[in-house]
Amino acid sequence: MIRLFVALDLPAELKTHLAMLAGGIPGAKWVPPENYHLTLRFIGEVENWRAQEVDDALANIRARPFELALTGAGLFEKAGRVQSIYISAARNESLGFLACKIETALQRIGLQPERKKFTPHVTLARTDKAAPEKLISWVQAHNLFRAAPLMVEHFTLFSSQLGKQNSVYTPEVDYALAA
Ligand code: 2AM
């Protein structure tokens, strides 16, 4: 079995920029900068033969490169607790189009549909043990954050090994976007 997800890896300079936003919230578990990514589709645990099908399906996707800007901050909550804080992606039709193509390709090979609405974001911390007031202040303080736009020229299939401290994400295959 292998645990997979599809994501945009981020350039090193952008990871460094985002890392400057981390810190200062007691109880928050900050994601190590090398793990920053923008998830396009979480897949989860699959058999190895299924991973091969996923790879084939992703390799057949055709989409054009596009520019993407990260801007603004947000939080996800569940049952009244803030689960994570993140930096969002600016509204972007090409990104939505790519995520949609990935979803369609994966459903075509028999994966269950993703029920959650696609909310493009880069998680900076898991926060269920942090004080909500601190998290809300963090979001307010970083709402005007804006990073230099990046050119998205490929997307990546990652494997993930869950760890006690942090997960280890390994880029397995890059899929080029071509004009
Ligand atoms: P995130 O994108 O909000 O950080 C790898 O586990 C990535 O897939 C994580 O970054 C995670 O969230 C995202 N993901 C989406 N749904 C998930 C789920 N049900 N379980 C674990 N990770 C999930």
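1. A definition to start with: the radius of gyration here is taken over C-alpha atoms, and the globule rule is 2.2 Å times the number of residues to the power 0.38. For the 179 residues in this chain, that rule puts a compact globule near 16 Å, and the protein chain has 16 Å, so the two agree. Please keep in mind as you read on that this is a predicted model.

2. On overall dimensions, the C-alpha trace spans about 45 × 35 × 25 Å along its principal axes. The protein chain exposes about 10100 Å², with carbon and sulfur atoms supplying 52% of that area. Of the 179 residues, 44% count as buried.

3. Now the secondary structure. You will find four helices and ten strands in the protein chain. Read from the N terminus, the elements follow the order β-α-β-β-α-β-β-β-α-β-α-β-β-β. As for how the chain meets itself, take the contacts between residues at least 6 apart in sequence: 76% of them join residues at least 24 apart.

4. The protein chain carries 20 positive and 18 negative side chains, and the centres of the two sets lie 6 Å apart.

5. Which residues have the most contacts inside the largest nonpolar core? They are Leu-18, Leu-58, Leu-70 and Phe-155, in a core of 50 residues. Helix α3, residues 93-108, gives the most to this core, with five residues.

6. Leu-58 deserves a look of its own. Leaving aside residues up to four places away in sequence, Leu-58 touches Val-6, Ile-102, Leu-106, Phe-155, Leu-157 and Tyr-175.

7. Next, Lys-101, which sits in helix α3.

8. Last, Gly-24, found in the loop between α1 (12-19) and β2 (29-30). With a relative accessible area of 72%, Gly-24 is over the 50% limit and therefore exposed. Gly-24 and Arg-64 are 40 residues apart in sequence, and their C-alpha atoms are 39 Å apart in space.

Definitions and conventions. Residues are numbered from 1 along each chain as its sequence is written. This is a predicted model: local features need pLDDT of at least 70, side-chain atom pairs count only at pLDDT 80 or more; totals for chains, interfaces and linings use all residues. Side-chain values use heavy atoms; hydrogens and water are left out. Helices (H or I, at least four residues) and strands (E, at least two) are DSSP runs, numbered from the N terminus. Buried means under 20% relative accessible area, exposed over 50%, partly exposed in between (1.4 Å probe, protein chains only). Contact means heavy atoms within 4.5 Å. Accessible areas come from the Shrake-Rupley method with a 1.4 Å probe; for residues, only the protein chains shown count as cover. Lys and Arg count as positive and Asp and Glu as negative; His and the chain ends are not counted. The place of a charge is taken as NZ of Lys, CZ of Arg, CG of Asp or CD of Glu. A nonpolar core is a set of buried Ala, Val, Leu, Ile, Met, Phe, Trp, Tyr and Cys residues joined through side-chain atoms within 4.5 Å.
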